[in-house]
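Subject: Structure handover

Hello,

Here is the structure I promised to pass on. Please open it first, then read the notes below.

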Amino acid sequence: MIIDNKYTIPYEIPSVYIDGKCRCTALAFVSLAQELAALHYSSAGLSIPHLQQMDLTWVIGKQHFEIYEYPLWLDELILKTWAQHPKGLMCLRDFEYTYAEGGKKTSIDAAFAEKKEARQNVSPPCLKSEDGLKPCMRSTSCWLILNTVTGRLVKPDEKTLGTLTFNDDTMPRDSLIKIELCESWDIEEHFSPTLLDIDLNSHVNNLNYVRWILSFMSAPFCRGKLLRVLDTNFMSSAVYGEKLICRCKQTDETTCIHSIVREADGSDVFRARTEWADEKLLSRELRVTC
């Protein structure tokens, strides 16, 4: 549904998107943002299959995520995304996740009881956010339109933007930072993308870069922490079978720099910066009352 030119949907945290403590995962936040963007663009006739008919596709340039609270399994959220007016080649897009009214469950038993009652009394999904609660997450991003034949970026126009509408609410644009590389690395893992990592563009799906950098980290560093800030720079596309190196450097007590490069020539594929915080500050415990 489009409300105030913002694509808005209800969402319940499923079991496939939780960690060992029944919390929504950081990768789930990023995955949901990609899905929301795809749904919003598609509603305006701008899905990748539509653009492919014009030898065009979407690519992501930079992203910035700020996570304020990790919802639990079966919590209900309101997910929003919206586009700002393009600036040159840049198609700017923001995201916000909030708890739905009554969506922050008091216990897992209460959540299951509400699901049982909902099955018996069909009603429209709630699209109202809980009053007085700050968002679970906010994000801003820069998207680009690529000509798949020439490999050149295309300036958005009426043809490529379809019926997309705009809302100029935004996070500060200076949050889309350029990530500088480190001179040395604590971790270097060699690997190759598999067939399951490839997307509609025949390149590695952008979510896999995030999955890799969060996978190849120091377990002691991550213990007791949750991701609070994620910055990403997409430098170039990797493809099936390429030999890559995922690198990680802890720069202080809460921050890491990440890099993915090609093994053959060291060329840049992906960069990221992660900032972590005590898990007790970002999540609540799952309560079981029965």
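The side chain of Ser 141 makes a polar contact with the side chain of Trp 143, at 2.9 Å. A polar contact is a pair of N or O atoms within 3.5 Å; within protein, one must be able to donate a hydrogen and the other to accept it, and residues adjacent in sequence count only if both atoms are side-chain atoms. Ser 141 sits in strand β6, residues 137–147. Ser 141 is buried, at 1% relative accessible area. Buried means under 20% relative accessible area, exposed over 50%, and partly exposed in between (1.4 Å probe, protein chains only).

**Ground rules**

This is a predicted model, where local features need pLDDT of at least 70, side-chain atom pairs count only at pLDDT 80 or more, and totals for chains, interfaces and linings use all residues. Residues are numbered from 1 along each chain as its sequence is written, and side-chain values use heavy atoms, with hydrogens and water left out.

**The whole protein**

The protein has seven helices and 12 strands. Helices (H or I, at least four residues) and strands (E, at least two) are DSSP runs, numbered from the N terminus. The radius of gyration is 20 Å, close to the 19 Å from the globule rule for 290 residues, so the protein is as compact as a globular protein of that length. That radius is taken over C-alpha atoms, and the rule is 2.2 Å times the number of residues to the power 0.38. The C-alpha atoms fill a box of roughly 60 × 50 × 35 Å, taken along the principal axes. Of the 290 residues, 47% are buried.

**Helix α5**

Helix α5 covers residues 206–215 and is mostly covered: seven of its 10 residues are buried. Among them are Leu 207, Tyr 209, Trp 212 and Ile 213. At the start of α5, a side-chain oxygen of Asn 205 reaches to within 2.9 Å of the backbone nitrogen of Leu 207.

Most residues other than glycine have a negative phi. Asp 4 is not a glycine, yet has a positive phi of about 55°. Asn 5 is not a glycine either, and has a positive phi of about 60°. Asp 4 lies in the loop between β1 (2–3) and β2 (6–12). Asn 5 has its place in the loop between β1 and β2. Are they buried or exposed? Asp 4 is exposed, at 62% relative accessibility. Asn 5 is partly exposed, at 31% relative accessible area.

Best wishes
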